[in-house]
Amino acid sequence: MNGFIYALGGTGFTFMMTVLGAAVVFFFKSDKHSDKTQSVFLGFASGVMIAASVWSLLIPAIEEAERLGKTGWVPASFGFMLGVVFLMLLDKLIPYFRPEPDREDCVKKGLKRTSMLIFAITLHNIPEGMAVGLAFALAAKNESSVLLASAIALAVGMGIQNFPEGAAISLPIRQAGRSRGRAFACGAASGVVEPVFGLITVLIAGTAQLLLPWLLSFAAGAMLYVVVEELIPEAHLGNSHLGTLGVMVGFILMMTLDVAL
């Protein structure tokens, strides 16, 4: 029961940090933004997602697999490819993800990038929530104050890095012409899965621990697919270097948070 309560508090914190990051959209007063501004925001989202896929997902996937006595690159490589293939299939099967000339008339234009962005970061938040839940489950099982402190530190680190991720969703969605309220709701909703899957992990800690390396790398593949397929090409509209600078800033910020925390 203690593990369940602690996990609820830890993943609740990470969720609230995502909400705060998404709320950044309310601080941009102007409703009219240039293509250059849009390039910066999309580039920033790309940089955040690239860094998160490496330091928050792939490296922990390798380390967790090796800690379980497995070959680290196996789940990292194959899980990554499964994530890419999964997004490619969704790209073909779901109308919101189809290229605009192939969409049905009832599907609004511009939803491809928005839908894939929300889906990829939400997918990435699932194994993060599971990692936090698993850390608290192990601390409760072993009744260890050291493991509990480690779990709290992990939750704090995950939460702080979730702030730019929330902004990485809400700002590009706002730039795509959606309302501030809708952009905020989409950014905040991406973090809901963390407490949900964190608490589920507490209940099935043994099984979740074995699946975690695959889930982490799967989410990394999905995220990088969205970055390469959608965000970076859109960030270079008008052949401006601002999109590239946005990628670099987002990458450095997220890498610093991941490594430092």
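I take contact to mean heavy atoms within 4.5 Å. The model I am reading is predicted.

**Entry 1: α5 and α9**

With that cut-off in hand, I looked up where α5 touches α9. On the α5 side I found Ile 160, Gln 161, Pro 164 and Glu 165, and they meet Leu 253, Met 254, Leu 257 and Asp 258 in α9. Sorted by class, this contact holds five nonpolar residues, one polar and two charged.

Next I checked how the two helices lie. Their axes come within 9 Å and cross at roughly 165°. Angles over 145 degrees count as roughly antiparallel, so I noted α5 as roughly antiparallel to α9. The crossing of α5 past α9 is left-handed.

**Entry 2: α5 and α6**

I stayed with α5, which spans residues 145–175, and turned to α6, residues 180–189. Here the packing angle is about 150°, and the axes are 8 Å apart. That angle is over the cut-off of 145 for roughly antiparallel, and α5 and α6 are therefore noted as roughly antiparallel to each other. What is the hand of the crossing where α5 passes α6? I found it to be right-handed.

For the touching residues, I listed Gly 166, Ile 169, Ser 170, Ile 173 and Arg 174 from α5. Their partners in α6 are Arg 180, Ala 183, Phe 184, Cys 186 and Gly 187. The contact divides into five nonpolar, three polar and two charged residues.

**Entry 3: α1 and α7**

My next pair was α1 (residues 2–22) with α7 (residues 193–203). I read that their axes come within 8 Å and cross at roughly 160°. That makes α1 roughly antiparallel to α7, and the crossing is right-handed.

From α1, the residues in contact are Gly 3, Phe 4, Ala 7, Leu 8, Thr 11, Thr 14 and Phe 15. They meet Glu 194, Pro 195, Gly 198, Leu 199, Val 202 and Leu 203 in α7. I logged eight of the contact residues as nonpolar, four as polar and one as charged.

**Entry 4: the largest pocket**

Last, I went looking for pockets. The largest one has a volume of about 680 Å³. It is lined by 24 residues, and the closest to its centre are Pro 60, Glu 63, Ala 131, Leu 154 and Met 158.

Conventions: Residues are numbered from 1 along each chain as its sequence is written. This is a predicted model: local features need pLDDT of at least 70, side-chain atom pairs count only at pLDDT 80 or more; totals for chains, interfaces and linings use all residues. Side-chain values use heavy atoms; hydrogens and water are left out. Axes are lines fitted to C-alpha atoms, for helices over the stretch in contact, and angles run from 0 to 180 degrees between N-to-C directions. Helices (H or I, at least four residues) and strands (E, at least two) are DSSP runs, numbered from the N terminus. Angles under 35 degrees count as roughly parallel, over 145 as roughly antiparallel, 65 to 115 as roughly perpendicular and the rest as oblique. A crossing is left-handed if the near helix is turned anticlockwise from the far one by less than a right angle, and right-handed if clockwise. Ala, Val, Leu, Ile, Met, Phe, Trp, Tyr, Cys and Pro count as nonpolar, Asp, Glu, Lys and Arg as charged, and the others, Gly among them, as polar. On a 1 Å grid over the protein atoms alone, a cavity is a set of points where a 1.4 Å probe fits but cannot get out, and a pocket is an open set with protein on both sides within 12 Å along at least five of seven lines; lining residues have an atom within 4 Å of a point. Grid points are joined across faces, edges and corners, and a volume is the space filled by probe spheres set on the points.
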